[in-house]
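Subject: Structure handover and notes

Dear colleague,

I am passing on the structure below, together with my notes on what was found in it. Please read the notes with the coordinates open beside you.

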Amino acid sequence: MTIKVIQPIALLLIVMTILTAPMIYAQSTCPYVVSFNVSPTSGSAYITVSISGIPSGHQVYLHWGIEPYPQGPWSDVTDTLMSWNGENYTVTIGPFQPGTWVAWVFHDATTNTWINYQCVPFWNWNVDVNPPNAGYTWAYVYPNGSILITMLGRAPDEILLWYGLTSGPGNVPWYTTSGTPGAMSAAMTFNPLWGNYSVMIGPFQPGQWIQWVYWDVTTNTWLHCSTNLISGPVVCTPNGNFAIQDVYSPLVFINATYSKYVYTVGQNATVYVLFNNEFNETITANITLAINNYVFNYYNVQMQPGYTTVALNFTVNIPQGIYTPLLTVYSLGTTLTQASLPNLYVLNTTGKPPISLVIVWNMHQPLYIEPNGTWEQAWTLLHTCHDFLWNGQWVGAYELQAMLINEYNVNVTIDFTPVLLYQWETILTEKEFPYSPVWPSPSALNVNLTQCLEAINYTVNLYKELAQEGKVEILTVPFYHPLQAIIYDNGWSSDLLAQILMGEAMTKEVFGVKATGAWTPEMAFNMGLVHLYNETGIEFTILDAQAFLPYATVVSGTPSPYGPIIVEDSTGEQLIVLFRDTDLSNAFAFSYFSQSPQTTARELIHYLARIYMQNPGAIVVVALDGENPLIFNPTTGPADLQAIYQVLSEYQGTWLITQTASEAIASHKPIAVITNLPESSWALNLNNWNNGYPGKIEIWNSIALAREYLVAFTKAVGMQISPVVPLPFNLTPNSTNPIYTLWNYLYVAEGSDWTWQTGPPNYGPAWFQQQALTYTNAIISAIRGWLSEVRLVKYVVENDAVVLQIYNGLNYTLYVTLVISNGTYTVAEPVVLKPMHINTIPVIGIENATIAQLYSPVNDNELGDHPIPINQYGFPLITYTLSPGNSQAMSMTLQPSNSGSYVNNVYVDIAIALILLLVLSMLILHRIF
């Protein structure tokens, strides 16, 4: 089989292999040694990975995932604990089907150190498990006559290249470089960065043919000509050989670019071809450009010595499709060079509606403020005013987004989590930043606070203007970005209802808009949210197509990610959902912001053009975190974002438009009705937030305990459970009364960030776990402190009667159930304890009482998941121990107040005596009659 052409992606892999190889082996400072093995050698297999260079006693995880190709986006991301075997850490994962690309890095959780391939950030190990297309080959001829051969083999086997000099392709004799019949061999090197083997052979004489095959020494297997060769479809015999001719022309094709990324039929096009003329004189040549059956000829083209660009013009009168033009340069009847050009995209827009691109950015920061009002993390401030230099000025991710949307002709949809708005407004109100840094936040703020205040104010006002113009649609979010599916399952849906209403109110207060759509935090959804969204006036949300669509029940229509879909629950309530294009959204998240702006713009428009070819009129949804791609890629990210908006502005028209989510829903009919969506998230499950890790369990248990105390106390004082909390910006994070404040603390603790960052798979800083526990512990401590102010002053236990004097030292009336017991018999009755008052309570009909308890009359439905058991009386608030025949006070010294609300002890004694006399009289009369 003759290899003539190297496709661009193959050439990229080869060049990267060449360029990275010297760096890989030159890095002697990387202290880790990694080895792996794949077993068995065929079929499904396991991968055993080992790493040395980490001291014993550490907690080391293999952080691994599945890729579509080497260095591609990961899915099914997993963290597996490694074991120390006395020499290194090792683990076995799998089994994996043949042809599965597996990638991994390591995480030393003890030191919070990530270990990448050759200690280079973002590099990972890549292995194709028992590849069924072993022998997949690339070859490239260098100017000096050497040939780089790269192939896909069964790693980590020892593989040899057997090659010989021949008179041409096909079944012809092989010779060595010394001219004797036979073959030569060269050991191939495995490159874990790309998961392939490569070797350089030669140099050879110009025009020399070389044939080769591969020998897998480990499995004793010969790899011959493969039908998967990247140079195109071929037919190979089992004994066929790879072959290439060592031809190198002094006229070297470098690259080619088109005047547009996508053309429509009838447009004029130009392709700019860059050559390197290594002749010492001008070349006059003829050029043909073949696009399938269409051939364009260019005669007497002058190419100067050195680098020269040739502009080839043609009219795109060819059918819709994606073409790979073939460029051939002739001179004096000799082919000087031949090359495949980049893909040419052609669209036919006749009678077809455009596709609608809906970009949804989720702008989120958790609460970085402590209960005392100090800031322990500075990210809300920094990500608004001080992420990177743009046009010579410091700007933040949120500010840059607004500036670029304002500059370009695009419509986008954005949600700002209310907790982010809450923190912005707090800074603007207080005009200060009381900062007490905690790792990983910067230890010092190298910012101009005045400039940051101006940036926040400018950013908020610019988004207001964009919303009024219709360029930006603002969604709302449950206030503290809670993981709603888990909270709903825990029976705390009333908290979600409150957080949604609070979120709507904050969005309205800051931006002046009534949001009809909601961002579902982490796209973590279950069917119970349909009713909650209906109840709060939310008409639509955004979910991930890959996570939900394949598993839903279809009621009618044909579900796809390319149109509005109605999600209907069992009661008939409905919610409109736009399902994001998972692959394109992942490209935004993992690729588009870490490469050249030109590459990002081209890849985006090509992706959208491919959708248009198959689905004209489609809605294409991109949805992801809005700040992270910029924050994680501060060098390339800003220019990439500008390139995205610029190219979308340029191509809007006959085949592509940008719309907000509401605009797209209004202009497209629903394509399906579905039900029974699974409980899932963009991560395909809820494991990031609840996977059995002790730290995550501790957070959820602390929330459940704090909530149980808070619900019980709230019910006892007659206030609403799960209230909509008023939040003045000068009191952040506290509210207008103590109970509201504690409910706000609970909502803070329900935020998704704390469990996301705690333990595997994300291994965030310990501060995030502590932040959740700080707020739940504050709730429990406050309520326990309040209950200690409800004291038993005096009591009398005699015969069939009990008289209690209970002082309610709180500012709240308590509506509780008093339960009196002697161990075998119990009497219960509702009582009202007036605030700041000694309440005298007689109980008749129980002998020798030993225990008095105050219960909050809550039930299981109000509590949801709760760790402390309740009974038919409710939640036990306070227990008092009584002694039969005793009439002494338990413990309390009362100080009279200015209002005279305390009762003098003398009058208290008289009151008890009178009540006891009345009780005894009733008992005597009862016995006489």
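The notes below go from conventions to the whole chain, and then to individual features.

This is a predicted model, in which local features need pLDDT of at least 70 and side-chain atom pairs count only at pLDDT 80 or more, while totals for chains, interfaces and linings use all residues. Residues are numbered from 1 along each chain as its sequence is written, and side-chain values use heavy atoms, with hydrogens and water left out.

The whole chain

The protein has 20 helices and 48 strands, where helices (H or I, at least four residues) and strands (E, at least two) are DSSP runs numbered from the N terminus. Its C-alpha trace spans about 135 × 65 × 55 Å along the principal axes. Of the 929 residues, 54% count as buried; buried means under 20% relative accessible area, exposed over 50%, and partly exposed in between, with a 1.4 Å probe and protein chains only. The protein exposes about 38100 Å², of which carbon and sulfur atoms supply 53%, with areas from the Shrake-Rupley method and a 1.4 Å probe, and for residues only the protein chains shown counting as cover.

Among contacts (heavy atoms within 4.5 Å) between residues at least 6 apart in sequence, 72% join residues at least 24 apart. The mean positions of the 21 positive and 58 negative charges are 7 Å apart; here Lys and Arg count as positive and Asp and Glu as negative, while His and the chain ends are not counted, and the place of a charge is taken as NZ of Lys, CZ of Arg, CG of Asp or CD of Glu.

The disulfides

A search of the whole structure finds two disulfides, a disulfide being a pair of cysteine sulfur atoms within 2.5 Å. In one of them, Cys 30 and Cys 119 have their sulfur atoms 1.9 Å apart, and the link is right-handed, with 70 degrees about the S-S bond. This pair links distant parts of the chain, 89 residues apart, with Cys 30 in the loop between helix 1 (8-26) and strand 1 (33-39) and Cys 119 in the loop between strand 8 (113-115) and strand 9 (125-128). Cys 30 is buried at a relative accessible area of 14%, whereas Cys 119, at 36%, is partly exposed.

The other disulfide joins Cys 385 and Cys 452, with sulfur atoms 2.1 Å apart, and this link is right-handed as well, with 65 degrees about the S-S bond. Here too distant parts of the chain are linked, 67 residues apart, Cys 385 lying in helix 2 (residues 379-385) and Cys 452 in helix 5 (residues 449-469). Cys 385 is buried, with a relative accessible area of 0%, and Cys 452 also counts as buried at 0%.

Ten of the twelve residues are buried, so helix 16 is largely enclosed by the rest of the structure. Its buried residues, which include Trp 743 and Tyr 747, pack against helix 4 (418-430), helix 7 (493-511), helix 15 (694-716), helix 17 (752-757) and helix 18 (766-787).

Helix 11 (residues 597-614) has 18 residues and reaches 26 Å from its first C-alpha to its last, close to the 26 Å expected. Among its buried residues are Leu 604, His 606 and Tyr 612.

Loops and backbone geometry

Ser 44 has its place in the loop between strand 1 and strand 2 (45-52) and counts as partly exposed at 32% relative accessibility. Leaving aside residues up to four places away in sequence, Ser 44 touches Pro 95, Phe 96, Gln 97 and Pro 98.

A cis peptide bond joins Ala 155 and Pro 156, with omega about 0 degrees, and Pro 156 lies in the loop between strand 11 (147-151) and strand 12 (159-166). Another cis peptide bond joins Gly 202 and Pro 203, with omega about 10 degrees.

Asn 112 has a positive phi of about 55 degrees although it is not a glycine, and Met 836, also a residue other than glycine, has a positive phi near 50 degrees.

Best regards

Conventions: Expected span 1.5 Å × (residues − 1).
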